[in-house]
4 protein chains.
Amino acid sequence: MAGNSFGDLFRISTFGESHGKAIGVIIDGCPSNITIDEEFIQSELDKRKPGQSRITTQRKESDTAQILSGVFEGKSTGTPIAIVIPNEDQRSKDYTHIKDIFRPSHADFTYQMKYGIRDYRGGGRSSARETAARVAAGAVAKSFLQQFGIEIFAHVSGVGTIEAPNLDTKDLKALLELRESNIARCADPATANEMVEFIDSVRKAGDTVGGRISAVVRHVPVGLGEPVFDKLHADLAKAMMSINAVHGFEYGSGFAGSELRGSEHNDIFVADDHDLNQVHTHTNFSGGIQGGISNGMDITFKVAFKPVATIMRDQETVDIHGNPAIASGKGRHDPCVVSRAVIIVEAMAALVIADHLLKHQSYKHAAR
Amino acid sequence: MAGNSFGDLFRISTFGESHGKAIGVIIDGCPSNITIDEEFIQSELDKRKPGQSRITTQRKESDTAQILSGVFEGKSTGTPIAIVIPNEDQRSKDYTHIKDIFRPSHADFTYQMKYGIRDYRGGGRSSARETAARVAAGAVAKSFLQQFGIEIFAHVSGVGTIEAPNLDTKDLKALLELRESNIARCADPATANEMVEFIDSVRKAGDTVGGRISAVVRHVPVGLGEPVFDKLHADLAKAMMSINAVHGFEYGSGFAGSELRGSEHNDIFVADDHDLNQVHTHTNFSGGIQGGISNGMDITFKVAFKPVATIMRDQETVDIHGNPAIASGKGRHDPCVVSRAVIIVEAMAALVIADHLLKHQSYKHAAR
Amino acid sequence: MAGNSFGDLFRISTFGESHGKAIGVIIDGCPSNITIDEEFIQSELDKRKPGQSRITTQRKESDTAQILSGVFEGKSTGTPIAIVIPNEDQRSKDYTHIKDIFRPSHADFTYQMKYGIRDYRGGGRSSARETAARVAAGAVAKSFLQQFGIEIFAHVSGVGTIEAPNLDTKDLKALLELRESNIARCADPATANEMVEFIDSVRKAGDTVGGRISAVVRHVPVGLGEPVFDKLHADLAKAMMSINAVHGFEYGSGFAGSELRGSEHNDIFVADDHDLNQVHTHTNFSGGIQGGISNGMDITFKVAFKPVATIMRDQETVDIHGNPAIASGKGRHDPCVVSRAVIIVEAMAALVIADHLLKHQSYKHAAR
Amino acid sequence: MAGNSFGDLFRISTFGESHGKAIGVIIDGCPSNITIDEEFIQSELDKRKPGQSRITTQRKESDTAQILSGVFEGKSTGTPIAIVIPNEDQRSKDYTHIKDIFRPSHADFTYQMKYGIRDYRGGGRSSARETAARVAAGAVAKSFLQQFGIEIFAHVSGVGTIEAPNLDTKDLKALLELRESNIARCADPATANEMVEFIDSVRKAGDTVGGRISAVVRHVPVGLGEPVFDKLHADLAKAMMSINAVHGFEYGSGFAGSELRGSEHNDIFVADDHDLNQVHTHTNFSGGIQGGISNGMDITFKVAFKPVATIMRDQETVDIHGNPAIASGKGRHDPCVVSRAVIIVEAMAALVIADHLLKHQSYKHAAR
């Protein structure tokens with residue numbers, strides 16, 4: 001109930017603070033006999049780690065994952081997979097200046113009021129550093145989903161008011177290559193350049209900016225998602241909204257769809273060769289989910305991130321005694337989080353799909 | 001896991017199909033000694049029930065709630081409160097024409113593929129009729145929250161491309177009166193008129209249209225919400241996305257906030273009288289939630305509904321054998337759901353807040 | 001968390017008080033396409049219902065189950081199955097004498113202190129009447145398990161100091177016939193006679209007596225049970241201990257096994273025809289469960305019930321103001337509950353096995 | 001669902017195999033501002049660790065606990081407390097002889113059949129080594145409960161057919177001293193001597209023996225426990241039955257109570273000074289729990305452990321191909337587990353009480 005776990009059958013529990021000894025995760029419910037490749041986990045973590053480019057924080061962490069359990073001779077055994085990522089670059093002294101004050105739009109105030117105590121160093125548990133544990137777990141989930149041919153892809157589709165054009169998502173491998181070819185992690189190179197320029201200018205101004213990530217999940221079997229409350233898109237929404245700084249989620253036609261008429265918005269079913277297993281829809285306003293259950297089409301969604309709260313400027317605020325104070329802009333921070341958050345969005349999507357896949361398998365095979 | 005329950009400590013489980021004997025709900029975890037007023041529950045249900053105006057479906061249901069348990073001499077006893085709402089106007093024959101076909105953008109196809117069987121009458125379990133059970137439960141949650149002075153208000157802020165201006169939310173009672181003064185359930189009377197006209201024209205065209213609901217929760221104590229995964233807004237997102245036809249959710253600054261800079265977006269803390277318990281923020285881009293935890297400011301969010309899938313026109317589709325078929329537009333349906341959905345949004349918000357309130361009480365009082 | 005639900009994937013939530021309008025249950029997670037036979041549910045309820053013989057309470061309840069949802073044309077649809085059992089013979093006036101006092105060894109005191117309010121009529125929610133809802137749900141679980149050939153059998157193996165001999169459990173149908181041939185529900189006819197005589201004499205003395213129920217589950221597939229905490233026998237223990245009046249649980253060799261040596265107690269594996277799927281053990285001290293996981297042998301366990309607390313005598317006690325009082329023995333009560341509890345034990349066992357079967361199916365088919 | 005977590009509000013998740021890199025636990029939901037004393041955790045672990053006396057296994061593990069998160073300046077912060085215990089003495093080669101065979105009455109067979117793969121070294125996840133993680137978590141739970149004056153005490157009350165007399169449990173500190181004065185961990189010194197002699201003789205015979213642990217929890221507030229399914233004793237039962245080798249559980253009057261009459265068994269209420277808060281019972285057949293809810297009296301229960309399966313003798317068995325094989329008795333094992341299990345029983349009891357305390361606090365303070 002304390003909210004540090006996610007998923008039911010494929011379940012993760014994360015721990016750790018920004019400047020404690022380590023962060024980590026227990027993955028419980030990963031089926032046995034899945035190949036667990038430490039190098040793949042590491043390569044995923046490398047996409048999230050700080051210090052990877054000039055538009056990310058300069059904090060240096062190697063973010064090296066250590067698997068403590070649940071894997072035997074390279075395969076999952078069905079027992080909990082514990083992964084620990086030691087914290088290295090803990091310049092805790094950088095944070096003594098925030099020990100007694102509440103930084104604007106951070107979690108300092110709410111943590112202090114809720115718990116009566118907080119590890120103020122780097123934001124403690126409220127730091128997005130916790131998401132490294134999610135990425136490690138997401139890599140395991142992806143390894144599991146790979147067996148079913150399920151592919152997940154996310155990229156930065158918007159920064160500030162810059163918006164990338166819609167992409168053709170048929171070849172996700174090609175898109176992945178395009179995305180990884182630039183530090184903005186936008187799969188449209190022209191827009192990517194624009195984004196990098198803009199983020200860099202924002203960084204130089206000591207400011208930050210928000211952005212948007214668009215994602216697609218392909219080859220999801222028909223039938224995933226549990227009505228009524230655990231609709232597939234409801235769980236995706238919760239997963240995404242649980243990522244630090246996220247303020248909005250939409251799937252399929254999203255907010256724009258709410259302006260349309262039914263006659264424009266309905267997705268017409270088509271069956272090739274009179275085969276129920278070939279049924280698909282012409283359009284995909286439904287975003288691959290109908291009645292909360294996957295229909296076999298691409299699952300599409302978008303996530304909105306607010307601008308990073310830490311700016312390199314002095315801001316008025318209040319201290320822990322209720323007195324006026326100044327929060328000064330120090331430390332090493334991201335001017336825009338979306339480039340590093342792409343892999344977190346993918347990880348959370350993988351975890352949601354893996355959980356629902358297990359749920360679906362349970363019922364699918366139960367009745368004969 | 002089958003997804004028919006919501007909440008952890010204040011938990012509801014709903015049951016029932018559109019054309020079965022009854023729908024209903026068990027509310028488990030409602031604290032004892034709360035006054036449970038059947039008339040209040042009924043008045044909430046009346047705001048959702050079909051047939052209440054010319055811009056809603058003409059299906060007639062009295063939606064009369066019967067409390068079967070958990071209430072003794074007008075007070076909750078701490079045991080499960082079961083509420084049953086019998087189905088009355090079950091013109092099941094209206095639905096024989098959809099027995100063998102998959103209506104576009106409905107859940108017919110996914111239910112059939114997931115379960116291998118479906119109660120096709122009125123959409124069965126996938127019908128929004130299920131939400132009546134949520135409204136009844138929400139009324140109980142509201143009764144509980146009332147003790148803490150917590151107020152919840154939602155209204156229709158958008159229909160199609162019509163958008164209501166932002167409201168001053170200081171006097172929710174006045175807004176409620178304005179909202180209930182029109183059948184669109186928009187608290188801005190001028191916009192409401194426009195909406196009603198528009199929905200009526202859409203209805204006459206045999207078409208449907210989407211819309212948006214904006215909500216505010218006031219007087220929420222500081223400290224509700226459980227980082228990391230069960231952030232207050234993440235649970236609100238899941239709650240809202242679980243409502244039929246919802247395609248998008250945002251809180252605080254939302255999608256628009258992702259276009260801003262940190263220097264514009266940060267909410268500056270202010271403490272009146274050097275009192276921590278008086279801390280508030282000038283602006284409220286955070287939507288009353290920071291780090292997933294309520295900060296005492298108004299909690300604000302917006303929900304996007306797609307257009308109703310059932311239109312009064314013939315549409316191409318596929319039947320349960322995989323052959324081409326025509327879905328004809330029959331039956332009694334809503335041209336736009338948002339006016340009836342306002343009370344569902346409030347109910348789900350009440351359930352989320354009640355659940356988090358209990359969680360918070362648990363920890364708050366545990367440590368001494 | 002309020003404890004009115006049991007199971008994870010095959011999950012039941014019960015509601016209702018002894019003298020409220022109705023008791024009932026929602027069964028969530030029952031796979032689709034299972035034949036749900038109302039007559040079978042009723043026949044199970046009839047084995048638990050009061051007034052069935054001279055050694056049970058004379059309260060009359062027809063205990064007629066009504067299915068409200070989740071079943072379409074005789075088959076489960078995968079949606080929640082709600083079953084309601086109206087209360088009929090509510091002589092609430094019988095209970096005004098206990099309104100203000102705490103009956104010894106009943107739950108009056110603890111409910112009052114926990115909730116600050118209680119429905120005192122017939123014990124309210126603490127009444128074993130709640131178990132009728134479990135029996136209805138158990139009948140559904142049995143219908144599901146039947147598809148896998150899983151059989152469950154329980155009988156009264158002890159009343160007071162009377163103990164039935166161990167039974168050969170190879171032919172459960174024959175044992176069932178023997179059990180149902182007597183009102184004690186002991187499958188050993190000679191012991192049954194002794195028990196009936198004894199219970200009758202206890203009843204005439206205005207007293208009550210405890211007893212024991214032994215159970216066996218056959219043809220459980222290898223692999224059910226989730227280490228570490230959700231061991232199959234741990235969940236069976238919780239299920240049984242949750243039944244009113246149960247004070248003890250043991251499986252396999254049980255308490256007696258704790259007096260043995262390893263060399264006596266170990267179950268030697270044997271494989272017929274060099275076939276892993278034929279592996280079994282000579283002895284079965286393990287009670288069909290090793291490491292918390294079913295090994296394919298018979299699952300055996302025993303449950304101890306304390307004597308019924310309501311006796312037909314005056315007892316000293318305390319009233320709700322903390323003053324000395326007399327609890328007088330009135331009303332209609334069982335002199336010994338085990339004969340009616342046999343079917344409850346079977347129901348709870350069925351629910352545990354069904355839940356673990358779904359869990360196991362999930363993982364079994366997930367990895368390829 | 002994979003069963004590696006226990007508790008709802010005060011929740012632990014354990015990981016690790018006998019011969020992997022480490023075992024450990026995440027404690028989620030521990031309230032903030034609790035003093036977490038590493039030395040106390042270590043002293044608890046020392047009571048469970050192997051090699052502590054001649055009647056335990058000679059495997060040497062220092063079992064040094066490392067806190068990775070959730071504690072700041074000696075206090076819990078309300079975030080997950082991760083504790084890791086590295087494995088040191090991993091003589092994995094000792095286990096190559098069991099790689100391909102199923103040891104009698106071990107979990108080798110069931111794990112292999114369930115998962116299709118197993119870490120055979122030392123039993124892998126099925127090893128009781130996992131319980132060290134529980135003991136560490138139990139120490140944290142005890143630290144929390146200490147604030148409420150709740151005391152937990154367990155000791156070895158039986159080994160083989162040797163049975164300790166009932167103890168006066170008024171002074172638990174004195175009993176603890178008596179218990180820790182001997183290697184059997186029986187608080188009755190005379191019986192302890194007998195037990196040690198007996199276990200030693202069993203050990204020399206290359207055999208093993210079962211035993212029993214009795215426990216008491218004092219000063220539990222009235223009101224803990226959630227009817228209907230999550231009765232306090234039902235959760236205690238599950239907790240105890242989840243400990244390796246446990247085959248039986250009883251509370252209060254237990255199995256013996258099922259032989260009694262109501263007139264003998266009922267606990268008469270007494271109120272001193274006409275004060276509801278002083279209500280207690282003369283006798284305590286109820287074991288401190290009525291209707292599943294604590295009544296303020298001592299909570300008493302007993303746990304039965306089967307004899308250790310690993311004996312120093314050759315035993316017939318089957319290999320992983322289904323062929324006959326010999327399991328030879330090698331390695332370092334306990335002749336009797338109960339002396340080391342005493343602290344595990346206490347830990348699990350502490351976790352159950354802590355979880356229910358949080359649940360109760362939640363409701364208690366919710367209604368006004």
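Hi everyone. Helices here are DSSP runs of H or I with at least four residues, strands are runs of E with at least two, and both are numbered from the N terminus. This is a predicted model, in which local features need pLDDT of at least 70, side-chain atom pairs count only at pLDDT 80 or more, and totals for chains, interfaces and linings use all residues. Residues are numbered from 1 along each chain as its sequence is written, while chains are lettered from A and ligands numbered from 1 in the order in which they are written.

The UniProt annotation "binding site", from an unreviewed entry, covers A:Arg48 and A:Arg54; positions follow the numbering used here, feature names are shortened, and annotations may be inferred rather than shown by experiment. A:Arg54 is found in the loop between α1 and β4 (66-67) of chain A, and A:Arg48 in helix α1 (residues 38-48) of that chain.

Buried or exposed? For A:Arg48 and A:Arg54 we count other C-beta atoms, placed from the backbone, within 10 Å: 20 or more is buried, 12 or fewer exposed, and in between partly exposed. A:Arg48 has 25 such neighbours, so A:Arg48 is buried; A:Arg54 has 12 and is exposed.

Contact means C-beta atoms, placed from the backbone, within 7 Å. Leaving aside neighbours within four places in sequence, A:Arg48 contacts residues including A:Thr131, A:Arg340 and A:Ile344.

Now, chains D and A. Their contact takes 35 residues from each of chain D and chain A. The largest share on chain D's side, four residues, comes from β3(D). And 100% of the interface residues of chain D are also interface residues in chain A, so the copies meet through the same surface.

How values were computed: Two residues are in contact if their C-beta atoms, placed from the backbone, lie within 7 Å.
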